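Here is a briefing on the structure shown below.

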Amino acid sequence: MRGFGANTTMPSEISNDFDAIVVGSGISGGWAAKELTERGLKVLLLERGRNVTHRQDYVTEGKAAWEMPYAGQIPESLTESDYAVQNQCYAFSDYTKHFFVNDRENPYATPDNKPFSWIRGHQLGGRSLLWHRHSYRLSALDFEANKLDGHGTDWPIRYKDLAPWYDHAENFAGISGSHEGLSQLPDGVFQPPFPMNCVEKDIKKNIEAAFPDRKLIMGRVAHLTEPTKEQIALGRSRCMNRDECQRGCSFGAYFSSLSATLPAANRTGNLTTVTDAVVDSVIYDSDSNRASGVRVVDANNHEHRSYGARLVFLCASTLGTTQIMLNSTSERFPNGIANSSGTLGRYLMDHIGGVGASGVFPGHQDMYDAGRRGGGLYLPRFRNVMDKDERFLRGFGYQGGAYRSSWSRGNNTPGIGIDFKAALQRPGPWTFDMVGFGEMLPDERNHVRLSKKNKDSWGMPILEIDCEHRENELAMFDAIAADAEELLNAAGLTDISVNQDKAAPGLMIHEMGTARMGHDPKTSVLNKFNQAHDVPNLFVTDGSAMTSSACQNPSLTYMALTARAAAAAVEMLQEGKL
Amino acid sequence: MADNRTHLTRRTAIKGAVALLGGTLTTAQLGLLGNSFAAIAEDASPRFLCPKQFTMLSRIADLIIPETDTAGALGVGAPHFIDMMLADWASPQRQAEYVAGLDSIDVRARDAGASSFLASTTEQQMVLLRALDNEFFAEHSTDPFFGVLKKMVLFAYYSSEIGATVELRFQRIPGDYLPCVPMADDSHAWFWSQYNYAL
Ligand SMILES: Cc1cc2nc3c(=O)[nH]c(=O)nc-3n(C[C@H](O)[C@H](O)[C@H](O)COP(=O)(O)OP(=O)(O)OC[C@H]3O[C@@H](n4cnc5c(N)ncnc54)[C@H](O)[C@@H]3O)c2cc1C
Ligand code: SF4
């Protein structure tokens, strides 16, 4: 069992003899470590958070409410003092709070009238432990969007460049889903999809009959439904339908760095992992015009040290990476490493969401489901696919699902006493809800910068995040609400209610774009291989590389970009170009 | 019954999974066992509420979720659980809300002619609680306390082992997702562990 955990090594035992340093062990960093070690490179993986051992450290896994202190509720004063931001995330609870950052210890600043909810997980595995596992490819349409309407800069790659890397990522990670033949949501390498319940099937039929251009499909999620030999060899097995994934999963049934990429990297014998190592900055060597290593602050005793390598991969999550880069100043790069363009920290995007609708399905009262499916449904984008919508650019999709409510509907139902108790013993009516995920335009004004006044306890200037929804996003919010209502009417639902609560930027947890890829070194940070235009041996492969946001959940794209960049970097290294 | 099928597939599925992993999972890691939340003795004195308010809370909890052919709020120890929550989980504002809220219910009972809530007949108590419940759900409700209290009682009851596994149904490791299972007239609802069921 130990073998699946990370080989965490004491800092003092570490030599300086690495081919590559990877910063961050989340979805992107795990992939970088795997791909680089599998190509024979000696890799040092640096993670600011604590070590988490797969299985052993999933301390709330499988626990029922009555086995938790306060039956799973977090003391109110603690939430207020330490988790005011993280508590906004739907997955934050007493079962999961140890995988979220403490907001008091990890400050950032926003202007008074522009909230940004920065949801983070600082530990080995990063937010790969916490994600909801929806995994969708971007499409040809998405890679051409900036060029077509002129917002942002043109992506330096097209769908066909990334397609084989999507195959590679899906094949290894294990994505369950259905083949649909949609141009706006390309099919991939899928394990069998989870089944839809009878209400979902009816709703699908009704929606697709009313709107030939819209499809309701099973969500494509990183859950094993038919594990491959390779996945089994890594100690992973098929999903048990508990829907408690964010506590950690000993079955290794959902993709995380701990279940998948890090065990794969460890078995090469080429990986050294150091946790509790806060990377402060990248060291720039002006003679060679190369990144020569990184400076680290020990998370616990705050001591400084540095590590050297021939290659540096930044995978510390979009804003984590951007903070490190802005903090890496030198004579050549006074405003942050590889920032000759001045675009570093700009064009911050998230998805827009929160808005959606729900209703009651009148039929199938004699049917129920059993088991807790870890993933719901997806309704892929249909606006601005074939026709042009005059109200807004780009598009949105929805996630949703049908379920019968349980006892907690009693909170919103009048009644007490014998009859009330008897009613709550039965499942409630079938309810269907859906919530939008919309594309946000890249806008230079949405940006982050380093505070000139405030540092965190590790001595890093904190981030000031200045981001807001603008005209296109506001118009899209209206369309998400109106279309949701129209869809649910067509689906045959009653008691439809539209939720107009817009999620604050950041809260969709798809922040991206602050070190964008592009053709031109004057207007972008990274080239088509996620390689810094200015510093050839520096690669950035997390969400900060994203040139546009599309509307699909982005992590699968980070996996594919990372794997592609790692292959390119190793090739360049072997050719002596780095 | 459909449940047996679920159970069988689940057992086989888990056995299969453990075999796949080379039997490396212990029962505890599979989550089949947990640290049972230490039960609070029935006769322990309340830690946060004064004895009179605790008795009121017990009475109200009993009326919201009474004992029927299954245990009610009292049978699962909801009053002691709620008192513990008020002592250790609740913020100072929340604590004050309960103290003032229970007092205000007593005032309402006196306004209705009784000497106190506890001195009222069961029927009078039910009438008052139903009135408070209706007021909470009325359009221009100004006093949220009864809603807060009812939510807490429901939470205490259904999150208890008896509430989740006897009153409702509970599966720790379902194994499969069965999308459409015919439901018998007496099928109980599943206990769902919501992500963040905020009180
Ligand atoms: C509740 C939730 C649900 C989500 N659902 C989905 C979904 O369904 N689909 C989807 O595609 N995405 C989803 N996401 C988003 C997804 O988790 C992220 O896109 C993904 O984890 C990003 O990967 P990453 O490697 O770039 O960053 P992370 O996974 O955040 O990892 C970054 C790592 O870098 C470390 N780090 C940061 N700064 C430093 C530093 N200075 N020095 C050293 N280490 C550092 C961090 O501690 C962390 O471990 C969800 C996120 C959450 C929280
Ligand atoms: S639903 Fe599947 S992936 Fe999630 S915790 Fe359960 S077994 Fe693991």
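Predicted model: local features only at pLDDT ≥ 70, side-chain atom pairs only at ≥ 80, totals over all residues.

How do the residues of the shell around ligand 2 divide into nonpolar, polar and charged? There are seven nonpolar, two polar and two charged residues in that shell.

Residues are numbered from 1 along each chain as its sequence is written, chains are lettered from A and ligands numbered from 1 in the order in which they are written, and side-chain values use heavy atoms, with hydrogens and water left out.

**Ligands**

- The residues surrounding ligand 2 include A:His223, A:Cys239, A:Arg242, A:Asp243, A:Cys245 and A:Cys249. A residue counts as near a molecule or strand if one of its heavy atoms lies within 4 Å of it.
- Ligand 1 is surrounded by 39 residues. The closest are A:Ser28, A:Glu47, A:Arg127, A:His132 and A:Val279.
- The side chain of A:Arg127 has an N or O atom 2.7 Å from an oxygen atom of ligand 1. A polar contact is a pair of N or O atoms within 3.5 Å; within protein, one must be able to donate a hydrogen and the other to accept it, and residues adjacent in sequence count only if both atoms are side-chain atoms.
- Backbone atoms also take part. A:Arg133 places a backbone N or O atom 3.2 Å from an oxygen atom of ligand 1. A polar backbone atom of A:His134 lies 2.9 Å from a nitrogen atom of ligand 1.

**Interface of chains A and B**

- In chain B, 83 residues are in contact (heavy atoms within 4.5 Å) with 73 residues of chain A.
- The two chains bury about 6900 Å² between them, 59% of it on carbon and sulfur atoms. Buried area is the accessible area (1.4 Å probe) that two parts lose on being put together, summed over both.
- The interface has 34 residue pairs in polar contact, both residues at pLDDT 80 or more.
- Several elements of chain B each supply at least two residues of the side that touches chain A, among them helix H1 (2–20), helix H6 (145–158) and strand E1 (178–182). Helices (H or I, at least four residues) and strands (E, at least two) are DSSP runs, numbered from the N terminus.
- H6(B) gives the largest share of that side, seven residues.
- By class, the side of chain B that touches chain A holds 47 nonpolar, 22 polar and 14 charged residues.
- Strand E9 (residues 367–370) of chain A pairs with E1(B) in the antiparallel sense over three bridges. Two strands pair if DSSP finds at least two bridges between them. Here B:Leu178 stands opposite A:Ala370.

**Salt bridges**

- Over all chains, the structure holds 46 salt bridges. The rule asks for a side-chain nitrogen of Lys or Arg within 4 Å of a carboxyl oxygen of Asp or Glu.
- Three salt bridges cross the interface of chain B and chain A. B:Arg172 and A:Glu67 meet in a salt bridge at 2.8 Å, N to O.
- A:Arg127 also forms a salt bridge with A:Glu511 (2.8 Å, N to O). This pair links distant parts of the chain, 384 residues apart.

**Sheets of chain A**

- An open sheet has six strands in the order E3-E10-E11-E12-E8-E15, with antiparallel pairing. Its edge strands are E3 (217–218) and E15 (494–499), each pairing on one side only.
- Strands E11 (396–404) and E12 (430–438) run antiparallel and are joined by nine bridges. A:Arg404 stands opposite A:Trp430 in E12(A).
- Strand E7 (304–314) pairs with E1 (18–23) in the parallel sense over five bridges. A:Val22 stands opposite A:Phe313.
- E7(A) pairs with E6 (290–298) in the antiparallel sense over five bridges. The two form a hairpin with five residues between them, and A:His302 in the turn has a positive phi of about 65 degrees.
- E7(A) and E16(A) pair in the parallel sense over three bridges. A:Val540 is the bridge partner of A:Leu314.

Methods. Nonpolar A, V, L, I, M, F, W, Y, C, P; charged D, E, K, R; others polar.
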